[in-house]
Amino acid sequence: MKYETQKIALAYFAVAMALFAIQVSAGLLAGWVYVSPNTLSELLPFNIIRMLHSNSLVVWLITGFMGAAYFLIPEESEREIHSPTLAYLQLLILVVGTLGAVVTYVFDLFHGHWLLGMEGREFIEQPVWVKVGIVVAALIFLYNVTMTVLAGKKTAITNILLLGLWGLALLFLFSFYNPGNLSLDKQFWWYIVHLWVEGVWELIMASILAYLMLKLTGVDREVVEKWLYVIVALALFSGILGTGHHYYWIGTPGYWQWIGSIFSSLEVVPFFAMMAFAFVMVWKGRRDHPNKAALLWSLGCATLAFFGAGVWGFLHTLHGVNYYTHGTQITAAHGHLAFYGAYVSLNLAIFTYAMPILLNRDPYNQVLNMGSFWLMSGGVVFMTFALTFAGTVQTHLQRVLGENFMDVQDQLAIFYWMRFGAGIAVVLGALLFIYAVAVPRKEIIEPGAAETPAE
């Protein structure tokens, strides 16, 4: 570790992994409710379980992004973080807000209260006071990292990362705008949800992946930066107007069907470019880095993102197809593989690379770590196929033949059992990953052997 303030990232990674464990556990419980619908129906209704699953996903991913920023920015900028105190204060605000939101969801506190009660908008159900806390934490974070970068060396990686992080924070401000008109509400709601995951988050993903490729492969920075600028340009070109594929059926003008179909079809291109970038960097690389697990997660991230966000997104993005498939299990299949491939794997890649350095150890428990990759990835891929087949059957029976929703759900039971089995594999893989990076491997060190961590 070159800079003392890189240790800030360790606290963020720890919080992120704790929330990761909660997220996959809530997901497994939600999967069980699909096969046994009355489970905890009064104590913890399905809508609350799903809220915990989706909200903890978003929070732990963003916490991981912030930790990654605190880890790589000192190295890229060649200076310490502007204010470590502000960094820890920011994390404290995020943790308090998260706990406040969870308690509000589970116990349905202050129901209907404009400030203290939860709101009814998917993914942004947080009470207003929590949203204010998130904005305060985001402002502290942006001030801290921006001041660090401005005072130090500027690189393409830090420039793109800052652009993505600023965009993430600014777009969240739309969560405070809640118009009474449902079509208008959904139009601006997608400014957050879509322009996050298919816009500014892609910038964050590209910059962190570029940093990992730089460190793991030893490819020249100029080569990495050229790829990075191309990927970012493609992501913004396709992603911004690609928002239109959410506007098909919410009451917006018909021209969105064409705009959404054309530009969202192009969204597969940046993800293909990202996959090509990762493999070309490894192919061109001159460095045999000892942290093979971090390289596996990096390549897995690029590959699964291409299939989850790119291919599975393309499957139902054209308006003629989406007319039948929107809101079915095909959407769930795309969502699970896209989030896991693009962002979950990215965070786990940077955790795998950074934590041995932060804890001053050699890359350790790599076999367990790589085992967790195959267990989790296999589980998510199997789940994706199960949900894809479920969605295909659901689309035909419900949307084409017009059968009753609940009758169709009965026909999908076998697929829901398959999803639950895949969910068990994902949870076991997640726990194995946390153990692999958090617990040092006990081994006999030969006299005179090097004990310095590989960077």
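Of the 455 residues in the chain, 56% count as buried, in what is a predicted model. The secondary structure consists of 15 helices and zero strands, and the radius of gyration of the chain, 22 Å, is close to the 23 Å that the globule rule gives for 455 residues, so the chain is as compact as a globular protein of that length. Among the contacts in the chain with a separation of 6 or more, 83% come from residues 24 or more positions apart.

**Overall dimensions, surface and charge**

- Taken along the principal axes, the box that the C-alpha atoms of the chain fill comes to roughly 70 × 45 × 40 Å.
- The chain exposes about 19200 Å², and carbon and sulfur atoms supply 70% of that area.
- There are 21 positive and 26 negative side chains in the chain, and the centres of these two sets lie 7 Å apart.

**Domains**

- The chain is divided into domain 1, which covers residues 1–153, and domain 2, which is made up of 194–199 together with 214–441.
- The centres of domain 1 and domain 2, taken over C-alpha atoms, are separated by 20 Å, and 30 residues of domain 1 are in contact with 34 residues of domain 2.

**Helix H5 and Leu171**

- Leu171 lies in helix H5, which spans residues 156–172, and it counts as buried because its relative accessibility is 15%, where buried means under 20%.
- Leaving out residues up to four places away in sequence, Leu171 touches Tyr191, Ile192, Leu195, Trp196 and Val200.
- Leu171 and Trp189 are 18 residues apart in sequence, and their C-alpha atoms are 9.8 Å apart in space.

**Helix H8 and Ser265**

- Ser265 has its place in helix H8, which runs over residues 255–265, and with a relative accessible area of 17% this serine is buried.
- When neighbours within four places in sequence are left aside, Ser265 is in contact with Gly260, Phe314, Thr317 and Leu318.

**Helix H12 and Thr331**

- Thr331 is found in helix H12, residues 329–358, and its relative accessibility of 31% makes it partly exposed.
- Beyond its neighbours within four places in sequence, Thr331 is in contact with His316, Thr325 and His326.
- Thr331 and Asp362 are 31 residues apart along the chain, and a distance of 41 Å separates their C-alpha atoms.

- Gln398 is found in helix H13, which spans residues 366–400, and at 17% relative accessibility Gln398 counts as buried.
- Apart from neighbours within four places in sequence, the residues in contact with Gln398 are Glu403, Phe405 and Val408.
- Met418 lies in helix H15, residues 413–438, and is partly exposed, with a relative accessible area of 28%.
- The contacts of Met418, again leaving aside neighbours within four places in sequence, are Phe382 and Ala386.
- Met418 and Leu387 are 31 residues apart in sequence, while the C-alpha to C-alpha distance between them is 8.8 Å.

**Loop residues with positive phi**

- Phe123 has a positive phi of about 75° although it is not a glycine, and this residue lies in the loop between helix H3 (84–107) and helix H4 (128–151).
- Asn360, in the loop between H12 and H13, has a phi near 60°, which is a positive value in a residue other than glycine.
- Asn360 counts as exposed because its relative accessibility, 53%, is over 50%.

Key. Residues are numbered from 1 along each chain as its sequence is written. This is a predicted model: local features need pLDDT of at least 70, side-chain atom pairs count only at pLDDT 80 or more; totals for chains, interfaces and linings use all residues. Side-chain values use heavy atoms; hydrogens and water are left out. Helices (H or I, at least four residues) and strands (E, at least two) are DSSP runs, numbered from the N terminus. The radius of gyration is taken over C-alpha atoms; the globule rule is 2.2 Å times the number of residues to the power 0.38. Buried means under 20% relative accessible area, exposed over 50%, partly exposed in between (1.4 Å probe, protein chains only). Contact means heavy atoms within 4.5 Å. Accessible areas come from the Shrake-Rupley method with a 1.4 Å probe; for residues, only the protein chains shown count as cover. Lys and Arg count as positive and Asp and Glu as negative; His and the chain ends are not counted. The place of a charge is taken as NZ of Lys, CZ of Arg, CG of Asp or CD of Glu. Domain bounds come from an automatic or database domain assignment.
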